[in-house]
Amino acid sequence: MVSNLIYFSGDFIKEIHGYVGTEINQFGFTTYKGVTHRCGVAKGVAFSHHFPLHTFSSARGSYDKFLDFIAFRVVPLAPD
């Protein structure tokens, strides 16, 4: 669903961010057009990752009761 939202709006993920403790408590992303989405609670140590002129594409992860980990492929943006 998120990928459809980004694809149809012509926007791409610029940054992933959130909070982590013994599990990922909050996960979110911000797009190049400034749209931000978050889910979870802001509790624990903050994290943020971005790579200029790149975007985050396919993801994989693991969960049990909580999100244990999530990993994204980082790909360069095509020049416009």
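Is Thr31 counted as buried or exposed at 4% relative accessibility? In this predicted model, in which local features need pLDDT of at least 70, side-chain atom pairs count only at pLDDT 80 or more, and totals for chains, interfaces and linings use all residues, Thr31 counts as buried, because its relative accessibility is 4%. Buried denotes under 20% relative accessible area, exposed over 50%, and partly exposed in between (1.4 Å probe, protein chains only). Residues are numbered from 1 along each chain as its sequence is written, and side-chain values use heavy atoms, with hydrogens and water left out.

Confidence was considered by means of pLDDT, the predictor's confidence in each residue, from 0 to 100. The protein chain has a mean pLDDT of 86, and 89% of its residues reach 70 or more. Helices (H or I, at least four residues) and strands (E, at least two) are DSSP runs, numbered from the N terminus. Confidence is highest in β4, at a mean of 97, and lowest in helix α1 (residues 2-9), at 48. The pLDDT is below 50 over residues 1-8, a stretch that has 6 contacts in the model beyond near neighbours in sequence; contact means heavy atoms within 4.5 Å.

An open sheet is formed by 4 strands in the order β3-β2-β1-β4, with antiparallel pairing. Two strands are taken to pair if DSSP finds at least two bridges between them. Strands β3 (36-40) and β4 (45-50) lie at the edges, each pairing on one side only. From one strand to the next, the twist averages 15°; axes are lines fitted to C-alpha atoms, for helices over the stretch in contact, and angles run from 0 to 180 degrees between N-to-C directions. Strands β1 (residues 13-20) and β2 (residues 24-31) run antiparallel and are joined by 7 bridges. Gln26 in β2 is the bridge partner of Tyr19.

Thr31 is also placed in β2. Leaving aside neighbours within four places in sequence, Thr31 contacts Asp11, Phe12, Ile13 and Lys14. Ile13 belongs in turn to the largest nonpolar core, whose 6 residues are Ile13, Ile16, Ile24, Phe27, Phe29 and Phe56. Such a core is a set of buried Ala, Val, Leu, Ile, Met, Phe, Trp, Tyr and Cys residues joined through side-chain atoms within 4.5 Å. Two or more residues of this core come from each of β1 and β2, and β2 gives the largest share, 3 residues.

Val74 lies in strand β6 (residues 67-76) and is partly exposed, with a relative accessible area of 34%. Beyond neighbours within four places in sequence, Val74 is in contact with Phe51, His54, Thr55 and Phe56. The C-alpha atoms of Val74 and Phe56 are separated by 4.6 Å, although these residues are 18 residues apart along the chain.
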